[in-house]
Amino acid sequence: MDERVRRTVETYERVADTYEETHGDRSVVADIVERFVTAVDGASSGPGTTAADPEAGGDATDPDEPARVLDVGCGPGWESAAFAEAGFDAVPFDLTRSFLDRARERVPDATPVRGDMRALPFVDGGFDGLWACASLLHVPEREVPATLAEFERVLADGGVALVSLKAAGEGAEAAGGEDGGAAGGADSGDDRAGVDGSPYDEDRRHFERYDPDRARDLFANAGFDVVSVETDDGDGSGPEDAWVAVTARAGD
């Protein structure tokens, strides 16, 4: 496992309780959750496959089945629960065991899956929607093109992806530099853009930041049809709180 990813997962395992308490107010993402649910409802044809085994065969579809949605980097399962409430077959997916335990409690009818988003353990075209809220931003930028190709692979034709990323702003370097990641290298503390002011002691999470044009290009190059790229300044406190949200559809 990449050192930066390992440090990120270790931090989340250690601070899972505090994280859940700190970020439990989901009103901050209510608008994009609604946008995603509406888009999936409009596009869904119901892949109908429920296999988490990457070797599971079959691509049968059933329009009577609920839309199947993959929550990548689900955290404690907040949005998985919202998608289940909307009538979707939600699959919580994360690399942090403590988060999956909480997702299992929050969405008892779901089957959480542990894994790395860079190599999704799912069959091709098995999902109508893919949601990645503040999770892809932990992947080192040089690995993001292949990760987005994985996102596109597991979506049915026309399936919807909504991914939120930290925005590059004044004083925050965008991803896409010569080394494909944040400055400082894997073992340096200098690649921790976005951790300043963290509520967690010894916060060693890795973040990447993206400007809207760079985000759009990454999705387009991965085979997505980009629907929109929107920015949100959060509470206006500065670049630490700025976000880019990309909505895209898997190519036909």
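# A tour of the predicted model

From the N terminus on, the elements of the protein chain follow the order α-α-β-α-β-α-β-β-α-β-β-α-β-β. This is a predicted model. The protein chain has 252 residues, and 50% of them count as buried. Show the surface next: the chain exposes about 11,400 Å², with carbon and sulfur atoms supplying 43% of that area. Among contacts between residues at least 6 apart in sequence, 70% join residues at least 24 apart.

## Stop 1: the largest nonpolar core

Select Leu70, Phe122, Leu136 and Phe151. Of the 36 residues in the largest nonpolar core, these four touch the most other members. Now show the elements that give two or more residues to this core: strand S1 (68-72), strand S2 (89-94), S4, H5, strand S5 (155-167), helix H6 (212-221), strand S7 (224-232) and strand S8 (243-250). Which element gives the most to this core? S5 does, with five residues.

A second, separate core has 16 residues, including Val29, Val37, Ala67 and Leu162.

Go back to Leu70 and show what surrounds it. Leaving aside neighbours within four places in sequence, Leu70 is in contact with Val91, Phe93, Leu120, Phe122, Phe127, Gly129, Leu130, Trp131 and Val154.

## Stop 2: helix H6

Select H6 and show its side chains. Ala215, Leu218 and Phe219 are buried in this helix. Turn the view to look down the axis of H6: the buried residues fall within an arc of 95°, so they line one face of the helix. An α-helix has 3.6 residues a turn, so residues three or four places apart point the same way.

On the other side of H6, look for Asp213 and Asn221, which are exposed. Then return to the buried residues of H6 and show their cover, which includes H5, S5, strand S6 (209-210), S7 and S8.

At the start of H6, select Asp211: one of its side-chain oxygens comes to within 3.2 Å of the backbone nitrogen of Asp213. Just after H6, select Gly223, which takes a positive phi of about 100°.

## Stop 3: salt bridges

Side chains of opposite charge can pair when their charged atoms come close. The structure holds 16 salt bridges, and a few of them are visited here.

Select Arg26 and Glu79. They form a salt bridge in which the closest N and O atoms are 2.9 Å apart. This pair links distant parts of the chain, with Arg26 in the loop between helix H1 (3-22) and helix H2 (30-43) and Glu79 in helix H3 (residues 78-85), 53 residues apart. Is Glu79 buried or exposed? Glu79 counts as buried, because its relative accessibility is 5%.

Move to Arg118 and Glu143, a salt bridge whose closest N and O atoms are 2.8 Å apart. Arg118 lies in the loop between strand S3 (113-114) and strand S4 (127-133), and Glu143 lies in the loop between S4 and helix H5 (144-154), so the pair ties together parts that are 25 residues apart in sequence. Arg118 is buried, with a relative accessible area of 18%, whereas Glu143 counts as partly exposed at 24% relative accessibility.

Next, select Glu150 and Arg153. In this salt bridge the closest N and O atoms are 2.8 Å apart. Both residues lie in helix H5, three residues apart, or about one turn of the helix. Glu150 is buried, with a relative accessible area of 15%, while Arg153 is partly exposed, with a relative accessible area of 23%.

To close this stop, select Asp17, Glu20, Arg102 and Arg106 together. A network of salt bridges links these residues.

## Stop 4: Glu202

Last, select Glu202, which has its place in the loop between S5 and S6. Because its relative accessibility is 65%, Glu202 counts as exposed. Which residues does Glu202 touch, not counting residues up to four places away in sequence? Glu202 touches Thr11 and Arg14. Draw a line between the C-alpha atoms of Glu202 and Thr11: the two residues are 191 residues apart in sequence and 7.9 Å apart in space.

Notes
Residues are numbered from 1 along each chain as its sequence is written. This is a predicted model: local features need pLDDT of at least 70, side-chain atom pairs count only at pLDDT 80 or more; totals for chains, interfaces and linings use all residues. Side-chain values use heavy atoms; hydrogens and water are left out. A salt bridge is a side-chain nitrogen of Lys or Arg within 4 Å of a carboxyl oxygen of Asp or Glu. Helices (H or I, at least four residues) and strands (E, at least two) are DSSP runs, numbered from the N terminus. Buried means under 20% relative accessible area, exposed over 50%, partly exposed in between (1.4 Å probe, protein chains only). A nonpolar core is a set of buried Ala, Val, Leu, Ile, Met, Phe, Trp, Tyr and Cys residues joined through side-chain atoms within 4.5 Å. Contact means heavy atoms within 4.5 Å. The arc is that of the directions from the helix axis to the C-beta atoms. A polar contact is a pair of N or O atoms within 3.5 Å; within protein, one must be able to donate a hydrogen and the other to accept it, and residues adjacent in sequence count only if both atoms are side-chain atoms. Accessible areas come from the Shrake-Rupley method with a 1.4 Å probe; for residues, only the protein chains shown count as cover.
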